Amino acid sequence: MTSSSPADPAAGGPSRPRTELDLELSRLVGAASAKQVAKALDITTVGQMLHHFPRRYIARGELTDLDQLTVDEEVTILARVVTSQTRYMQTRKGIITDVVITDNSGRPSGLVISFFNGFKAKTELTAGVLAMFSGKVTYYRNNMVLTNPGYVLLPDDELAEHEAEFHAAKPVPVYPATAKFPSWKSQHILDSLLPVLELENISDPVPAAIAAREKLLPLAEAYREIHAPASMDSWPRARKRFRYQEALALQTALAQKRHQARTQDATGRPAVRAGLLDAFDATLPYTLTAGQQDISATIAAEMAAGHPMHRLLQGEVGSGKTVVALRAMLQVIDAGGQAAFLAPTEVLAAQHLQSITALLGPLGQGTLLGGPHATEVTLLTGSMPAAAKKKALLAAASGEAGIVVGTHALLSDNVQFADLGLIVVDEQHRFGVEQRDVLRAKALKPPHVLVMTATPIPRTVAMTVFGDLEMSELTELPAGRTPIRTHVSPLAEHPGWEPRVWARTREEIDAGHQVYVVCPKIGDDPDAPLQGVADEDVPAAEGDTRPMAGVLEVLQYLRGNAALGGKRIEVLHGRLDSSDKQGTMAAFARGEIDVLVATTVIEVGVDVHNATLMVILDADRFGISQLHQLRGRVGRGGHEGTCLLVTSLEKDHPSRKRLEAVAATSDGFVLAQQDLEMRREGDILGARQSGGNSGLRMLSVLRDQDLIERARQDATAIVDGDPELKAHPALKLEIQMYLTEKNEAFLERG
């Protein structure tokens with residue numbers, strides 16, 4: 001099969017390269033096989049099939065280590081049959097064939113393979129046979145079980161001496177599989193595809209100079225070695241090539257997004273001398289950190305330009321992001337625009353309103369009360385009374401309100417702005433791109449966008465997930481903030497420490513301070529919706545039947561606890577009415593509550609300076625970033641903060657590592673890296689929440705940090721010189737192939 005001929009010069013531009021990749025799969029493998037592949041894998045073209053890469057490889061003679069299998073996992077294993085036994089079912093007609101297999105240990109494994117009415121398995125899976133099995137591992141009567149797995153017999157030295165030499169060094173590729181489409185079906189499709197394709201005629205999407213620098217295999221050779229490696233030494237070179245190729249496609253797509261943003265027309269919002277921003281700076285009772293000053297200067301310069309700013313600001317808990325954002329909002333107001341501050345919850349929106357108005361003082365009381373250098377700050381949430389909401393809507397539409405703080409209510413059709421110049425999005429990961437775009441559409445011209453997160457993001461994750469945003473990091477703590485002391489309270493080793501936890505709570509209250517007690521659930525109703533609860537990406541360990549601490553039960557327990565007798569104890573959780581939540585937080589902020597028993601609704605943004613102790617019950621139910629966020633709620637007012645991570649897990653339980661990591665450092669960026677190492681990448685990249693994979697085929701944001709950095713630099717240089725990739729048509733096609741609907745959604749998470 002040949003590639004396309006050069007285009008007619010009169011048509012303008014080069015011909016479309018790599019047309020073999022665009023071919024319908026049915027033309028080469030037949031309609032029936034193509035239909036199976038499309039249904040099972042959502043693959044319809046030759047290019048998609050070629051990019052359906054093996055997950056791993058098995059060397060013939062190196063059987064799968066069966067001790068490493070885990071329950072509820074779809075597996076493909078290579079093993080040898082030890083015995084096979086068939087018996088009649090007791091309760092209905094039919095037979096069951098139980099197959100015992102072995103791995104490299106030579107011992108019969110604890111994995112039982114059962115076939116119901118498996119007449120073919122009964123005759124084929126006899127002692128000594130080498131086979132590949134594919135299915136889901138389950139647990140039955142204290143044994144791991146594969147029930148009715150797919151299987152394929154493999155020749156080896158004992159079964160096919162004439163083929164032994166050919167197969168001896170050839171690894172077996174293991175592809176992503178489903179129950180109805182096991183790995184070897186993908187292999188059969190590709191085995192029939194590779195010989196009929198003229199792979200040398202497929203244009204390389206990686207520019208030649210970069211491929212030479214990276215010492216990448218030629219593209220045609222890489223396709224052959226990734227799908228049909230000659231030896232266990234050959235496929236790693238092919239995988240290296242496709243890792244870089246994927247990184248370049250991903251980073252080029254993101255670089256194009258950044259370039260497109262820079263070419264949009266926006267209203268410049270330059271700083272104004274002797275305006276509201278200067279008046280605010282003059283009232284600050286402290287000096288900005290060097291990081292705050294540098295990032296503020298960068299933001300100021302970008303907003304003064306005639307194209308929209310798109311910047312991600314991440315910083316430690318309490319690093320002063322709000323002040324940086326407020327200074328940006330004031331610069332926009334000085335230049336005649338308005339700012340919208342989007343928060344994920346009503347509690348957080350109310351807290352931001354309080355923080356901003358406190359920082360501004362008279363400057364936030366409107367021009368009548370605050371003087372000529374003043375603005376109005378208003379709140380807009382869904383639960384506001386009709387009269388208050390109408391007043392807020394009018395203030396936003398008329399331009400009277402320079403800053404509008406709100407929740408998803410800001411996205412409503414009836415919300416209008418006189419001249420929206422800046423959008424500040426707090427905790428970006430809680431909003432979808434569609435929601436952000438709805439708010440952007442309310443501006444006369446594309447507004448400037450500042451995205452903030454207090455959840456530390458490893459650099460490679462930021463480059464991969466938020467790669468269309470420029471990035472800034474605040475790593476210093478402002479003056480007066482001290483690192484929070486964090487201790488693990490292990491009740492399994494020291495059950496007597498529990499009374500000490502509550503005695504320590506009493507000591508803090510007696511010293512005039514306040515305490516948070518955080519629980520992983522609200523109450524004991526298993527059917528109740530869990531709002532603001534423990535990290536769903538940190539499931540309970542297999543067989544863990546420990547009851548989780550619930551807010552409602554803990555409230556009753558603490559009110560009856562002698563150590564806390566007479567103390568004011570209240571609750572805060574996601575199922576309370578908005579007015580009750582705001583009233584409780586306001587009372588806690590006024591010092592009218594000694595102990596606040598809460599779920600993770602207090603995770604971000606809550607700012608009560610007198611709170612100095614946090615007790616997190618069943619802390620092992622939370623993820624690293626969540627624990628780091630939670631403890632950032634204490635020690636915010638110049639007083640030393642302490643966090644107690646209470647757990648009943650045994651010392652050697654894997655989840656204890658998370659708690660020990662949090663206790664060992666207060667550096668959120670170090671913790672983010674450790675979180676990435678401990679958890680599956682799909683969880684970090686947001687796949688678990690979306691119900692799919694991470695969007696990455698070959699790349700690992702943990703393993704490939706340096707590679708992703710190089711690809712980002714290469715992509716930026718390519719797009720700067722050729723924004724539409726007219727001189728890089730093969731790379732353009734690679735991006736089109738890469739940007740499936742799933743991967744586009746993945747990229748748009750930024």
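Start with helix 14, residues 346–360. At 1.5 Å a residue, its 15 residues should span 21 Å, and the end C-alpha atoms are 21 Å apart, which agrees. The expected span here is 1.5 Å times one less than the number of residues. Helices (H or I, at least four residues) and strands (E, at least two) are DSSP runs, numbered from the N terminus.

Before going on, a word on the source. This is a predicted model, where local features need pLDDT of at least 70 and side-chain atom pairs count only at pLDDT 80 or more, while totals for chains, interfaces and linings use all residues. Residues are numbered from 1 along each chain as its sequence is written, and side-chain values use heavy atoms, with hydrogens and water left out.

Back to helix 14: its buried residues include Glu346, Val347, Leu348, His352 and Leu360. Buried means under 20% relative accessible area, exposed over 50%, and partly exposed in between, with a 1.4 Å probe and protein chains only. Just after the helix, Gly361 has a positive phi of about 60°.

Now the rings. How many aromatic pairs does the structure hold? There are 7. Rings of Phe, Tyr and Trp (its six-membered ring) pair if their centres lie within 6.5 Å; planes under 30 degrees apart are stacked, over 60 edge-to-face, and the rest tilted.

Tyr57 and Trp235 are stacked, because their ring centres are 4.5 Å apart and their planes are at 20°. Tyr57 sits in strand 1 (residues 56–58) and Trp235 in helix 10 (residues 235–263), 178 residues apart, so this pair links distant parts of the chain. Both residues are buried.

Phe115 and Tyr151 are edge-to-face, with centres 5.7 Å apart and planes at 75°. Phe115 is in strand 4 (residues 108–116) and Tyr151 in strand 7 (residues 150–153), so the pair ties together parts 36 residues apart in sequence. Phe115 is buried at 5% relative accessible area, and Tyr151 counts as buried at 17%.

Ring pairs also join Phe53, Tyr223 and Phe242 into a cluster.

Last, the cavity. On a 1 Å grid over the protein atoms alone, a cavity is a set of points where a 1.4 Å probe fits but cannot get out, and lining residues have an atom within 4 Å of a point. The count is 1 cavity of 30 Å³ or more. The largest cavity holds about 60 Å³, a volume being the space filled by probe spheres set on the points, which are joined across faces, edges and corners. Among its lining residues are Phe53, Phe242 and Arg697. Helix 10 supplies the largest share of that lining, 3 residues.

Notes. On a 1 Å grid over the protein atoms alone, a cavity is a set of points where a 1.4 Å probe fits but cannot get out, and a pocket is an open set with protein on both sides within 12 Å along at least five of seven lines; lining residues have an atom within 4 Å of a point.
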